[in-house]
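Hello,

Here is the structure I promised to hand over.

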Amino acid sequence: MQKEKIYEATEKIIPLRVRNDIKHLLVSYGYKRNTDVFIGFILGTGIFIGLLGGFFLSYLTGLSFWIFFIAGSLGTILVVYLWLRLIFEKRLSMIEQSLPEALHLIASNLRAGMTSDKAILFSARPEFGPLKDEINTVGRKVAMGYSISTALLEMTKQWPSKRLLRSVQLINSGLDSGGSFATLLEATANQLREQSLIDKKIKASITMYVIFIF
């Protein structure tokens, strides 16, 4: 408990914007413990590595201790941050790839006669990866009385994807106009698949062009 208080105090050394970014990455990864403690621990570890590296390398090279101390401390924090960012981007990519199939599945459940919340909850499949948890969250919120539009928008705050946000905006705009939820989901899923095919063709064309040049 004492260590946790120390970690919570030391983490404030890191700028607020950086702390909030790291906390968001941890929450997106599914980290359930105190994020302040985690950040404080990483900072403490970085300082410890900086001290060891500073004394050892300054002794070997004759260069200033502070050069190695600062490099070791900041380097440790940077490595952890980049690792978290890499995991986040990978999970975000999995969500974008799974989204069309998930939307089609929800639409199928709706056409089978399920209510909106059940149609969403029964679409949360393990093969969707991190999207499974988000579908579960949206379904529970709808069951609790949230509007579908609100539940979907809250999901986009957790995962800042232009593709995801555009899809939610299209669905919500259609719902506001009185459109069928199932029809909107299917139309959005088809658009996502078409866009994905276009992106792949563009990427392939650029790759072939680069290969041809070199």
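**What I found**

Phe 56 is found in helix α3 (residues 35–61); helices here are DSSP runs of H or I with at least four residues, strands are runs of E with at least two, and both are numbered from the N terminus. This is a predicted model, in which local features need pLDDT of at least 70 and side-chain atom pairs count only at pLDDT 80 or more, while totals for chains, interfaces and linings use all residues. Residues are numbered from 1 along each chain as its sequence is written, and side-chain values use heavy atoms, with hydrogens and water left out.

The chain has nine helices and zero strands. Of its 214 residues, 37% count as buried (under 20% relative accessible area; exposed is over 50%, partly exposed in between, with a 1.4 Å probe and protein chains only).

Phe 56 itself is exposed, with a relative accessible area of 52%.

Helix α8 (residues 162–176) is worth a look too. Buried in α8 are Leu 164, Ser 167, Val 168, Ile 171, Asn 172 and Gly 174. Seen down the axis, these buried residues fall within an arc of 160 degrees, so they line one face of α8 (the arc is that of the directions from the helix axis to the C-beta atoms). The face turned away from that buried side carries the exposed Lys 162 and Asp 176. Just after α8, Gly 178 takes a positive phi of about 90 degrees.

Best wishes
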